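Open the model in your viewer and keep the selection tool ready. We will go stop by stop, selecting one part after another.

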Amino acid sequence: MSLKGRDVISIRDLSRSEILEVLNAARHLIPVAEGKKRVTTLEGKLLALAFFEPSTRTRLSFETAMQRMGGQTITIADPSVSSVAKGESLSDTVRMLSCYADALVLRHPHEGASRLAAQVSDKPVINAGDGAGQHPTQTLLDLATMLERFDTLSGLKVVLMGDLRYGRTVHSLAHALGSFGAELVLSSPSSLRLPEEVRHDLDQMGAKVREEEQLERAIKDADVLYVTRIQKERFGDLAEYARVSGSYRFDPALLQKVKSTFIVMHPLPRVAEIPPEVDRTPHAAYFRQAFLAVPVRMALLSLILSGRTGVRG
Amino acid sequence: MPSNVSAPTGKELRITPIRNGTVIDHIPSGLALEVLKVLKVENLDKDSTVSVALHVRSQRMGWKDIVKVEHMELSAQKSNAIALIAPTATISIIRDFKVREKHPVSLPDRLVGVLTCPNPNCITNHGEPVESEFEVVRRRPLAVRCAYCERSMEEFLPHLAR
């Protein structure tokens, strides 16, 4: 099925072949994202960005992706100065934006907000994070980073570390990795374990998943360590936050015991989970990961808005 | 459906026969009052009789509850809600003292407006003009997932839309 005109709310909305189509297109768009090549695939297209929660890299990478391909954006970056502050419902805001733009990117603090937006919008909606729920474009760029480095996703051993309960990036990522046949090792404090429904889904699809609280044991023979930030804003109990936030910090000394091809990933922003010494090692992949956000979002936007990328591949 | 008139027995006469209405039988013992909440019997017209039998001997179930409501035929939404909390229940439609239809409750694959999402951060709990929607992801034991926030639930009584 073509991606043209489609909503992307959850990674579940994309088949494996559609995910690979986006990742393949993204690979060919890297020179465009680097400014070395010019395309005008999205000329005349307007993307509305509605961000009801603070975001730097997600919003900027969507804006960059659109502009690098000749398109334009309109943005709600601060809902406190929009009609939302007057009590307008999300449904009405989305209807209004869908009248103006050709597609809509939404970040919202409430889970399911993008699904609702997709129902009321007659233009495609891309979920850029809804509360502790889904964040499918982050998953796509995470997969792109692993695929670029290892040329495959099947059989990769990926350790997911940190906040697996509230960290929205890991839920989508675990689902996608499971469907591609990667092996998952979960390493988190017990209070931040993967939610039961996500684990249930992984078991249903027959994914290889195990838990290992000891990071040193978890990363032995691993290909990827995916570190998430323990998010203060998701904790009701600040004492619990203080207790667990200190306990998950990657010790660079552990890099002496890993495979030479081992990479460390992080959706960023990091706080103290990965010390800067790791940045200087060949294992650090998180800045490449942040860069790949642009070609991946270019690929997705161009396939949704025009059904093609404008580059050969 | 053909008419199915069963001769009254002593047991049935313990609660009043009804001319027109609905009998919900084979409710797991102890859940009749929850079924009454689903039916919103407080909104029935004042001439309707509601009979409730609690803890009745049942060959099939050991013990069961029965609810009879006059002048009411169940909407699909109420029938779905009963299927969630009392999956063994059977529904009989009575017209002129005769059982005109009798069928077990059945649960569709999607439930609209029947449950509220247990996730307080779900968009359906934040004043948007939208009905809740759940898909059945597993039937035994029953589990449903919110079509919006994708949160699963296996306990339904506290989350029935009232």
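Select domain 1 and domain 2 of chain A. Here 20 residues of domain 1 of chain A are in contact with 21 residues of domain 2 of chain A. Contact means that the C-beta atoms of two residues, placed from the backbone, lie within 7 Å. On the domain 1 side that touches domain 2, α1 (16-33), β4 (125-130) and α10 of chain A each supply at least two residues. Helices (H or I, at least four residues) and strands (E, at least two) are DSSP runs, numbered from the N terminus. Colour α1(A) now: the largest share of that domain 1 side, five residues, comes from this helix. By class, the domain 1 side divides into 11 nonpolar, five polar and four charged residues. Nonpolar covers Ala, Val, Leu, Ile, Met, Phe, Trp, Tyr, Cys and Pro; charged covers Asp, Glu, Lys and Arg; the others, Gly among them, count as polar.

To select the domains by number, take 11-135 + 293-305 for domain 1 of chain A and 136-290 for domain 2. These bounds come from an automatic or database domain assignment. The C-alpha centres of the two domains of chain A lie 25 Å apart.

A word on what you are viewing: this is a predicted model, in which local features need pLDDT of at least 70, side-chain atom pairs count only at pLDDT 80 or more, and totals for chains, interfaces and linings use all residues. Residues are numbered from 1 along each chain as its sequence is written, while chains are lettered from A and ligands numbered from 1 in the order in which they are written.

**A cis bond in chain A**

Zoom to Leu268(A) and Pro269(A). A cis peptide bond joins them, with omega about 5°. Pro269(A) sits in the loop between β9 (263-265) and α10 (286-305) of chain A.

**Where the chains meet**

Show both chains. The contact takes 14 residues from chain A and 18 residues from chain B. On the chain A side, α3 (90-100), α4 (113-120) and α7 (196-204) are the elements that give two or more residues. The largest share, three residues, comes from α4(A). That chain A side has three nonpolar, eight polar and three charged residues.

**Chain B as a whole**

How many helices and strands does chain B have? The count is two helices and nine strands. From the N terminus on, they run β-α-β-β-α-β-β-β-β-β-β. The radius of gyration of chain B is 17 Å, close to the 15 Å that the globule rule gives for 162 residues, so chain B is as compact as a globular protein of that length. The radius is taken over C-alpha atoms, and the rule is 2.2 Å times the number of residues to the power 0.38.

Six residues of domain 1 of chain B are in contact with five residues of domain 2 of chain B. Helix α2 (residues 76-85) of chain B gives the most to the domain 1 side, with five residues.

**The five-stranded sheet**

Follow the strands of chain B in the order β2-β3-β1-β4-β5: they form an open sheet with antiparallel pairing. Two strands pair if DSSP finds at least two bridges between them. β2 (50-58) and β5 of chain B stand at the edges, each with a single partner strand, so one side of each is left without a neighbour in the sheet. Zoom to β4(B) and β5(B), which pair over six bridges in the antiparallel sense. There, Ile93(B) stands opposite Glu101(B) in β5(B).

**Loops of chain B**

Most residues other than glycine have a negative phi, and most peptide bonds are trans.

- Asp96(B): phi is near 55°, a positive value. This residue lies in the loop between β4 (90-95) and β5 (98-104) of chain B.
- Arg140(B) to Pro141(B): this peptide bond is cis, with omega near -10°. Pro141(B) is in the loop between β7 (133-139) and β8 (142-146) of chain B.
- Glu150(B): phi is near 70°, also a positive value. Its loop runs between β8 and β9 (152-153) of chain B.

Is Glu150(B) buried or exposed? With 25 C-beta neighbours inside 10 Å, Glu150(B) counts as buried. Asp96(B) has 8 such neighbours and counts as exposed. The cut-offs are 20 or more other C-beta atoms within 10 Å for buried, 12 or fewer for exposed, and partly exposed in between, with C-beta atoms placed from the backbone.
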